[in-house]
Amino acid sequence: RPIVAIVGRPNVGKSTVFNRIIGDKLAIVEDKPGVTRDRLYGRGEWLDTEFSVIDTGGIEIEGEDQIMKSVRMQAELAIEEADVIVFMVDAKAGITPADSEVAEMLFRAKKPVIIAVNKVDNLKRMDDIYEFYSLGFGDVVGISGSHGTGIGDLLDEVIKHFPDTSEEEYGEDVIKVALIGRPNVGKSSLVNAILGEERVIVSNVAGTTRDAIDTPFEKDGQKYVIIDTAGMRKRGKVYESTEKYSVMRAMKAIERADVVLVVIDGEEGIIEQDKHVAGYAHEAGKAAIFVVNKWDIVEKDDKTMHQFTQKIRDHFLFMTYAPVVYLSAKTKQRLHKLFPVVTNVAEQHAARVATHVLNDVVSDAVAINPPPTDKGKRLRINYATQVAVKPPTIIFFVNDPELMHFSYQRYLENKIRGAFGFEGTPLRMFTRRKS
Ligand code: GDP
């Protein structure tokens, strides 16, 4: 069941709204030492969808200067636990420094956030909600907890953001590809070029979600779905909005994808903005490919490609595993090189290695370069095992997890990649105690 958390500073009306949402159902109180009240859990239901709701308002520390501290704790809790966060603010008070701080925390957490502007007690106050768009979230709803107005609109927005359970419509054999990149790098052109290829069979069912257009197709016997967020903007509509919203859309597309194509303008080069969404793909554990587009208009010699790749490596230090493909969506030059790479990284993303083979590689790595000692203690790895795919996730069972340093883990990762490839996919590594 999805979890909705309500956060906001004291006195914005969280408890009133919480009670409106759970109706006459029972609230569960959870004791938490060190705070004046408790946090509340309840069950909500809207349009046949059930969910849990947490009122983090319980975590309120008394005293003026404690407001920041308590909202920070609430936000942390919501970020940790919730699928959707309702961020409550006060129409009468406007944006306070505490609001801005929470907004920043929530934005970094990349969870869906709905801003509920409370105390919109009459229609005249409706104008007061617009200022809250500047907090950087796309969904702002005016409500009145005391009158009960706008709660339905709020819940409409909330349930739209629940994790998509209709995901299985595509099946395990379908590779889901999302295209991301800033405006004008050529995402739409690339989608058109891909779908326009001779050997591509596009099924006529193109699904439109709230944030993207999905086009399923088949090519050389492999099924794919293209998740296209740029197409939404091209259709005009309300989506023709600020960059912030397109970043949010990109994040959602990434969440649904197996393989993320990070499209870069070969002519303009890499800019700071490219990093954020690419970093998100990495954190979300998705396979990734850098696609350098507009290669037709780049002035080049035999070193240009190498130099550009080097630049990508310098900018995206954490994504050295992602291959780089150069092409032109416009002239279709080198376009045929893209999909073999997509298929390969998708396979690597879903690859599984046998425990005994993995342990042979780890033992060899340890023999060549034993872990350094730390305060007289040395890390001992008892064994390693892959516990998940998409992305491949490996657990090391060791004598003391504290002794696994970042640099040594990096070394092990390199050895593992050297042995198994895992091209295009991040690897997750965890260390657990077991002697
Ligand atoms: P999007 O905003 O990322 O979807 O970018 P578009 O697909 O709308 O492309 C932006 C502009 O770049 C358009 O004018 C395209 O014609 C142009 N463009 C796209 N791909 C290429 C390419 O490979 N070469 C050249 N020369 N222009 C391109």
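**A chat about a predicted model and its ligand shell**

Reader: Over residues 29-37, what does pLDDT do, and how many contacts beyond four places in sequence does the model have there?
Author: In this predicted model, pLDDT (the predictor's confidence in each residue, from 0 to 100) stays under 50 over residues 29-37, for which the model has 18 contacts beyond four places in sequence, a contact being two residues whose C-beta atoms, placed from the backbone, lie within 7 Å. Residues are numbered from 1 along each chain as its sequence is written. Local features need pLDDT of at least 70 and side-chain atom pairs count only at pLDDT 80 or more, while totals for chains, interfaces and linings use all residues.

Reader: And what about residues 233-245?
Author: There too pLDDT stays under 50, and the model has seven contacts beyond four places in sequence for residues 233-245.

Reader: What is the mean pLDDT of the protein?
Author: The mean is 84, and 86% of the protein's residues reach 70 or more.

Reader: What ipTM does the predictor give the complex?
Author: The complex gets an ipTM of 0.91, along with a pTM of 0.65.

Reader: Switching to the ligand, which residues come nearest?
Author: Gly-186, Lys-187, Ser-188, Ser-189 and Lys-330 come nearest, of the 16 residues around the ligand, where near means a C-beta atom, placed from the backbone, within 6 Å.

Reader: Which helix gives the most to that shell?
Author: Helix 5 (residues 187-195) does, with three residues; helices are DSSP runs of H or I with at least four residues, numbered from the N terminus.

Key: Helix = DSSP H or I, 4+ residues; strand = E, 2+ residues; numbered from the N terminus.
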